[in-house]
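Keep the sequence and the model in view while reading.

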Amino acid sequence: MRTAVMTDTNSGVQIKEAEENQIFMLPMPVIMDDQVFFEGKDIDKNQFYGYLESGKNVTTSMPSPGDVLDMWDKILASGYDELVYIPMSSGLSNSCAAANQFADEYDGKVQVVDNHRISITMYRSIFDAKAMADAGCSAKEIKEQLEADAYNSSIYIAVDTLEYLKRGGRVTAAGAAIGAVLNIKPVLTIQGEKLDAFAKVRGMKKAQSKMLDAIEEDLNTRFKDVPIDKICIDTATTFINDSDDEEWKHMVSERFPQVKHHKNRNLSFSIGCHVGPDAVGIGISVLSK
């Protein structure tokens, strides 16, 4: 039994990285002033955040049904017996529900996972799925395991500016103006279903400290009975310059030396369009494998 693992760029897995690990990747559509681009394929983060900062209209979209089904058909025709497809959380997009409807036509050969994750915590799920597939697990077994572990994760994001939350209707124009004057930095959280407010502090350093405290609280409460080698902490940012990531990575490694910490990643564009450039994120995940 050969089981393929398929996801999309909302996972934070880079296209080259997916190819190197035999993971099938669907680039997500990005719409900029009515032109369609595909994340990681024909638009990079410099172009994406450049568009955002210029004030142009930027949105992300779910993949077209045709693109999803074409990839499923190609995977199954290439020698795989079945596949597990892991899109972003159903609480953040309708793409998971749509994919589940399509999968009904494949007689169990396609299993769609509602992992309730996105970006850096979803990244962990993709590689857990790949490890299980390589160990001989079926698509159904992988789906059941990932869905059982879905909520064993948290993401926290500190936003440098309220401008992009204002554009998305999450903050009023007056609130954004006051926030700018007072140097307010909102900390947002994703706990499976949606992007929510977590805290408001003055200054990015305090915001980063607030996120580290939140991760420590998760370690000491929600995950206190989980073996430390089953927990992973990842960082992600929307910095255009990669060198700006180093200080944040160092802060996290210094605060949690006992926990696995992997290299910093870019927040996926579906989050980036809401938080804008220079946002800083951290995620904690319990590993399934």
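V30 has T60, in β5, as its bridge partner. This is a predicted model, in which local features need pLDDT of at least 70 and side-chain atom pairs count only at pLDDT 80 or more, while totals for chains, interfaces and linings use all residues. Residues are numbered from 1 along each chain as its sequence is written, and side-chain values use heavy atoms, with hydrogens and water left out.

Strand β3, residues 29-32, pairs with β5 in the antiparallel sense over three bridges. Two strands count as paired if DSSP finds at least two bridges between them. Strands (E, at least two residues) and helices (H or I, at least four) are DSSP runs numbered from the N terminus. The pairing belongs to an open, antiparallel sheet of three strands in the order β4-β3-β5. At its edges lie β4 (35-38) and β5 (58-60), each of which pairs on one side only. From one strand to the next the twist averages 25°, an angle between N-to-C directions on a scale from 0 to 180 degrees, with axes fitted as lines to C-alpha atoms.

The chain as a whole has 11 helices and 14 strands. Its C-alpha atoms fill a box of roughly 60 × 50 × 30 Å along the principal axes. Buried residues (under 20% relative accessible area with a 1.4 Å probe, protein chains only; exposed is over 50%, partly exposed in between) make up 52% of the 289 residues.

Next comes the interior. In soluble globular proteins, nonpolar side chains tend to be buried together. A nonpolar core is here a set of buried Ala, Val, Leu, Ile, Met, Phe, Trp, Tyr and Cys residues joined through side-chain atoms within 4.5 Å. The largest one has 24 residues, of which M211, I215, I233, F256 and I282 touch the most other members. Elements that give two or more residues to this core include β10 (195-202), α9 (204-220) and β11 (231-237). The most come from α9, which gives seven residues. A second, separate core of 17 residues includes V84, Y123, A133 and L146.

How many disulfides does the structure hold? It holds zero, a disulfide being a pair of cysteine sulfur atoms within 2.5 Å. For C232, the closest cysteine sulfur is in C137, 20 Å away, and therefore too far for a bond. C232 counts as buried because its relative accessibility is 1%. C273 is also in no disulfide, with the nearest cysteine sulfur, that of C96, 19 Å away. At 12% relative accessibility, C273 counts as buried.
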